[in-house]
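The sequence and the model are shown first.

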Amino acid sequence: HSPPEQPGDKPSETGEVQRKEVCRWPCRCPPVPACTPGVSLVKDGCGCCKVCAKQAGEPCNEADVCDPHKGLYCDYSEDEPRYETGVCAYLVAVGCELSGVYYANGQTFQPNPLYKCLCVSGTIGCTPVFTPRLAGSPCTRVTGRKKPGQSICGLGQHKQLQSTNYRLMSAYRSLPLVLKKKCLIQATPWTPCSRTCGIGISSRVTNDNRKCEMKKEKRLCFIQPCLTNMLKKIKIPKGKTCQPTFQLPTAEKLVFSGCSTTQRYKLTFCGVCLDKRCCIPNKSKMITVQFECPNEGFFRWKMMWITSCVCQRICSAPGDIFSQLKLL
């Protein structure tokens, strides 16, 4: 005998097959799961609960969504005519190139023994290959116990140590990736300067530090002085519409939060255009500047030192997180 038909399997009056309902309201959510490193924790397709996103090749449906951060979507093409259950697949996109080797979009690879990487739409994200090591932890060897090497830590403490030792260092970024003292240096792009004139702040996330940990890094940025009259005096070369860079006549101290630098600097600023173009930093280096405050001591800040600027028609407001998006 054939199995009895489910209510959701019966054809409708119009002859169309009805899809099984996978969402239930009100929402009843289990505890938030702990996802495998590299797997996104997202809200399910019902808009109810936090779930671990499905990965490439895994089954999916309206509730079990595919990992959006890896360019995955649910392909229902094999489940015709119901289109109820699909398989997570990658969107068509460009691949990646690393050290002369080309990787397809969605391809996982291991460029060295320390890291596993994933190509996503022209950029590469990497996570460390990790084996928990508790040999050096305070729980492994204890003197004065009946059994040598007996642990004084419970199961929960061991799990806490493993989670503390593990450092997830994934950052999707453009090439190049640099290996430095067994650490694959990664960084997000610097955010636009918080101010179009005067001293502002930009930030990024990077693991370029002694512990190879992902941390937020900030720096000062100074694109243009807030002196309208001075900008009007900038000489633009004959036959040109833009002057990409300019400098002040003399070196001056920088003022930030009521404090001034101990040294004088002759900075390079981004220039102006006669048309609607704007000039933004193209190349720069990092310096450290020291400020002294009246009766309050000293402090140091990293600062972007502009070496060249480029003038372009795409001008975004400071802090615009959508400035990198382009219409296709």
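Which residue forms a salt bridge with K215? In this predicted model, the partner of K215 is E213, and the closest N and O atoms of the pair are 4.0 Å apart.

## Salt bridges

The structure contains four salt bridges. In the pair of K215 and E213, the two residues fall into separate accessibility classes: K215 is partly exposed at 43% relative accessibility, while E213 is buried at 15%.

A second salt bridge joins R204 to E217, with 2.9 Å between the closest N and O atoms. This pair links distant parts of the chain, since R204 lies in strand β13 (residues 199-206) and E217 in strand β14, 13 residues apart. Both R204 and E217 are buried. The side chain of E217 also meets that of K302 in a salt bridge, at 3.2 Å from N to O. Here the partners are 85 residues apart, E217 being in strand β14 and K302 in strand β20. E217 has a relative accessibility of 14% and is therefore buried, whereas K302, at 39%, counts as partly exposed. Through shared partners, R204, E217 and K302 are joined into one network of salt bridges.

## Nonpolar cores

The largest nonpolar core has 19 residues, of which L254, L267 and M303 touch the most other members. Two or more residues of this core come from each of β14 (215-222), β19 (278-293) and β20 (297-312). The greatest contribution is that of β19, which gives four residues. A second, separate core consists of 13 residues, among them L98, Y115, C183 and L184.

Neighbours within four places in sequence aside, L254 is in contact with I199, F222, C259, S260, T261, Y265, L267, F291 and M303. One of these contacts, C259, belongs to strand β17 (residues 259-261). C259 is buried, because its relative accessibility is 6% and the limit for burial is under 20%. Beyond residues up to four places away in sequence, C259 touches L254, F291, E292, C293 and F299. The C-alpha atoms of C259 and P294 are 7.1 Å apart in space, although the two residues are 35 positions apart in sequence.

## An open three-stranded sheet

Three strands form an open antiparallel sheet in the order β3-β5-β4. At its edges stand β3 (59-60) and β4 (72-75); each has a single partner strand, so one side of each is left without a neighbour in the sheet.

The antiparallel pairing of β4 with β5 (residues 86-90) runs over four bridges. In this sheet, C74 has C88 of β5 as its bridge partner.

## Disulfides

The count of disulfides in the model comes to 12. One of them is formed by C29 and C49, with the sulfur atoms 2.0 Å apart. The link of C29 and C49 is left-handed, with -85° about the S-S bond. C29 lies in the segment before β1 and C49 in the loop between β1 and β2, 20 residues apart. C29 is partly exposed at 43% relative accessibility, and C49 is buried at 10%. The loop between β1 (41-43) and β2 (50-52) also contains G47, a partly exposed residue with a relative accessible area of 45%.

Another disulfide joins C197 to C226, at 2.0 Å from S to S. Its torsion about the S-S bond is about 95°, so the link of C197 and C226 is right-handed. C197 lies in the loop between β12 (183-185) and β13, and C226 in the loop between β14 and α2 (228-232), 29 residues apart. C197, with a relative accessible area of 23%, is partly exposed, as is C226 at 43%. A disulfide also joins C270 to C309, at 2.1 Å from S to S. The torsion about the S-S bond of C270 and C309 is about -80°, which means that the disulfide is left-handed. The pair links strand β18 (residues 268-273), which holds C270, to strand β20, which holds C309, 39 residues apart. C270 is buried with a relative accessible area of 0%, and C309 is buried with 10%.

Notes
Residues numbered from 1 in each chain as written. Predicted model: local features only at pLDDT ≥ 70, side-chain atom pairs only at ≥ 80, totals over all residues. Heavy atoms only, no water. Core = buried A, V, L, I, M, F, W, Y, C linked by side-chain atoms within 4.5 Å. Buried < 20%, exposed > 50% of the residue type's maximum accessible area, 1.4 Å probe, protein only. Contact = heavy atoms within 4.5 Å. Pairing = 2+ DSSP bridges. Disulfide = S-S within 2.5 Å.
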